Amino acid sequence: MRSRTTGMWWGAAIEAPDPGALARFYAQLLDWPIGHEEPGTTVLAAPEGSVFVVFQQADDYRPPVWPPVAGEQRPMVHLDFQVGDLDSAVEDAVALGAMLADHQPQPDVRVLLDPAGHPFCLVRDDG
């Protein structure tokens with residue numbers, strides 16, 4: 001976009017029944033600070049720069065179903081995180097409140113569900 005200048009932020013917005021709690025889950029998982037919080041909205045800020053994840057209040061929230069099922073709420077977006085040790089990363093996420101999904105489509109990826117039911121992936125670094 002032509003109107004963007006250096007230093008302007010960008011990010012994704014994720015709906016949740018308790019945005020503050022979900023933001024704190026990801027803050028602990030990623031070791032990122034909470035950049036802003038107000039009723040109904042909490043912003044997680046990447047320490048390296050201008051990337052943000054905004055967690056917003058969603059009334060009548062329905063968690064997505066993984067894997068997708070016809071007629072049910074589909075996952076519209078999910079987050080991927082590259083990790084060095086897949087097993088320890090899964091243990092850390094589960095200790096913070098994530099759940100390992102029943103369906104695991106790839107051997108080098110683990111699909112987990114965050115405390116609000118959003119799927120996210122931990123991807124082993126094979127590089």
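Buried means under 20% relative accessible area, exposed over 50%, and partly exposed in between, with a 1.4 Å probe and protein chains only as cover. The model is predicted: local features need pLDDT of at least 70, side-chain atom pairs count only at pLDDT 80 or more, and totals for chains, interfaces and linings use all residues. Residues are numbered from 1 along each chain as its sequence is written, and side-chain values use heavy atoms, with hydrogens and water left out.

**View A. Gly 84 in the loop between E5 and H2.** At 64% relative accessibility, Gly 84 is exposed. The C-alpha atoms of Gly 84 and Arg 124 are 5.8 Å apart in space, although the two residues are 40 apart in sequence. Helices (H or I, at least four residues) and strands (E, at least two) are DSSP runs, numbered from the N terminus.

**View B. The salt bridge between Glu 37 and Arg 24.** A salt bridge is a side-chain nitrogen of Lys or Arg within 4 Å of a carboxyl oxygen of Asp or Glu. The structure holds one; its closest N and O atoms are 3.1 Å apart. Glu 37 lies in strand E2 (residues 34–38) and Arg 24 in helix H1, so the pair ties together parts 13 residues apart in sequence. Glu 37 is partly exposed at 44% relative accessible area, and Arg 24 is partly exposed at 40%.

**View C. The largest nonpolar core, with 26 residues.** Such a core is a set of buried Ala, Val, Leu, Ile, Met, Phe, Trp, Tyr and Cys residues joined through side-chain atoms within 4.5 Å. Leu 22, Tyr 26, Phe 55, Phe 120 and Leu 122 have the most contacts inside this core. H1 gives the most to this core, with six residues.
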